[in-house]
Amino acid sequence: MLLHSMSMLYTTHLLMESINLSIIAYVVSVAVHSICISSRSLYSLSLYVEMVWLLTPSAAITLLVSRVVIMQCSEEEIHAVACEILLTANQWFWTYTTSHHTLYSYAIREQDMCVGDVRLLASTQYIVVEGSATVLCTICSSDVLHAWALPSLGMKVDAVPGRATTCSLAAVKEGVSYGQCSEICGSLHGYMPLAVVWV
Ligand SMILES: [Cu+2]
């Protein structure tokens with residue numbers, strides 16, 4: 001689902017770029033043509049040109065809006081969920097709460113790092129997702145604005161005090177996906193790493 005949304009986002013972006021380039025090329029060619037024949041006004045009373053001006057942008061906008069709506073609906077869909085987890089952002093650590101545990105995840109200090117730990121990304125707790133399981137995440141904050149961001153998954157969800165936001169984590173690869181808080185939340189904002197391990 002996540003991969004499908006990402007690929008659709010990418011193709012929509014390419015489509016938008018092509019439409020933009022086509023419009024630029026068309027406008028430039030019309031401008032050049034108008035300059036070349038400036039003594040005659042070819043387009044002033046042409047119903048055909050008026051219809052083209054009206055229908056072409058309308059068709060482009062309809063196409064793009066329909067794709068964006070489909071993408072939004074697909075991101076809202078949450079299929080069979082293997083487990084649920086509450087991710088609470090705090091100054092300056094994450095709390096992971098499941099039905100069985102509550103874990104506190106802090107950045108590992110440089111003097112405590114082991115070989116293989118990634119500086120500023122290694123944390124004391126990881127979220128482990130098995131197989132092709134989908135995890136339903138509810139994200140909130142206990143103090144100020146934070147953001148749960150996993151760039152490799154195209155994921156960034158604001159953690160807002162007093163509001164719970166849900167999103168799903170679906171397995172896309174094996175390995176570790178690192179992220180960090182991406183909302184400036186105070187002096188130790190740069191020390192709020194997060195990580196999901198896919199096994
Ligand atoms: Cu933060």
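A: Let's start with a working rule: two strands count as paired if DSSP finds at least two bridges between them. Keep in mind that we're looking at a predicted model.

Q: Fine. What is the order of elements in the chain, from the N terminus on?
A: Reading from the N terminus, you get α-α-β-β-β-β-β-β-β-β-β-β. That's two helices and ten strands.

Q: Which residues does UniProt list under "transmembrane region"?
A: The unreviewed UniProt entry gives residues 21-45 and 51-70. Take the 51-70 span in the model: it is 100% helix and 0% strand, with 28 Å between its end C-alpha atoms.

Q: On to the strands. How many bridges join E1 to E5, and do they run parallel or antiparallel?
A: The general idea is that strands of a sheet pair through backbone hydrogen bonds, in either a parallel or an antiparallel way. Here, E1 (residues 83-90) and E5 run parallel, joined by seven bridges. For a landmark, find Ala89, whose bridge partner in E5 is Ser141. E5 also pairs with E8 (residues 165-170), this time in the antiparallel sense over six bridges, and there Val135 stands opposite Leu169.

Q: Which side chains of E5 point to the buried face?
A: Side chains along E5 (residues 134-141) alternate. Val135, Cys137, Ile139 and Ser141 share one face and are buried.

Q: Which residues have the most contacts inside the largest nonpolar core?
A: In soluble globular proteins, nonpolar side chains tend to be buried together. In this chain, the largest nonpolar core has 20 residues, and Trp94 and Trp148 have the most contacts inside it. The elements giving it two or more residues are E1, E2 (93-97), E4 (127-129), E5, E6 (146-150) and E10 (193-198). Beyond its neighbours within four places in sequence, Trp94 is in contact with Leu87, Ala89, Ser105, Met192 and Leu194. For the chain as a whole, buried residues make up 15% of the 199.

Q: In what order do the five strands of the open sheet lie?
A: The order is E4-E10-E9-E6-E7, with mixed pairing. E4 and E7 (155-159) are the edge strands, each pairing on one side only. From one strand to the next, the twist averages 20°. Look at E6 and E7 for an antiparallel pair with five bridges; Leu150 stands opposite Met155 in E7.

Definitions and conventions: Residues are numbered from 1 along each chain as its sequence is written. This is a predicted model: local features need pLDDT of at least 70, side-chain atom pairs count only at pLDDT 80 or more; totals for chains, interfaces and linings use all residues. UniProt positions are given in the numbering used here, feature names are shortened, and annotations may be inferred rather than shown by experiment. Helices (H or I, at least four residues) and strands (E, at least two) are DSSP runs, numbered from the N terminus. A residue is buried if 20 or more other C-beta atoms lie within 10 Å of its own, exposed if 12 or fewer, and partly exposed in between; C-beta atoms are placed from the backbone. A nonpolar core is a set of buried Ala, Val, Leu, Ile, Met, Phe, Trp, Tyr and Cys residues joined through C-beta atoms within 7 Å. Two residues are in contact if their C-beta atoms, placed from the backbone, lie within 7 Å. Axes are lines fitted to C-alpha atoms, for helices over the stretch in contact, and angles run from 0 to 180 degrees between N-to-C directions.
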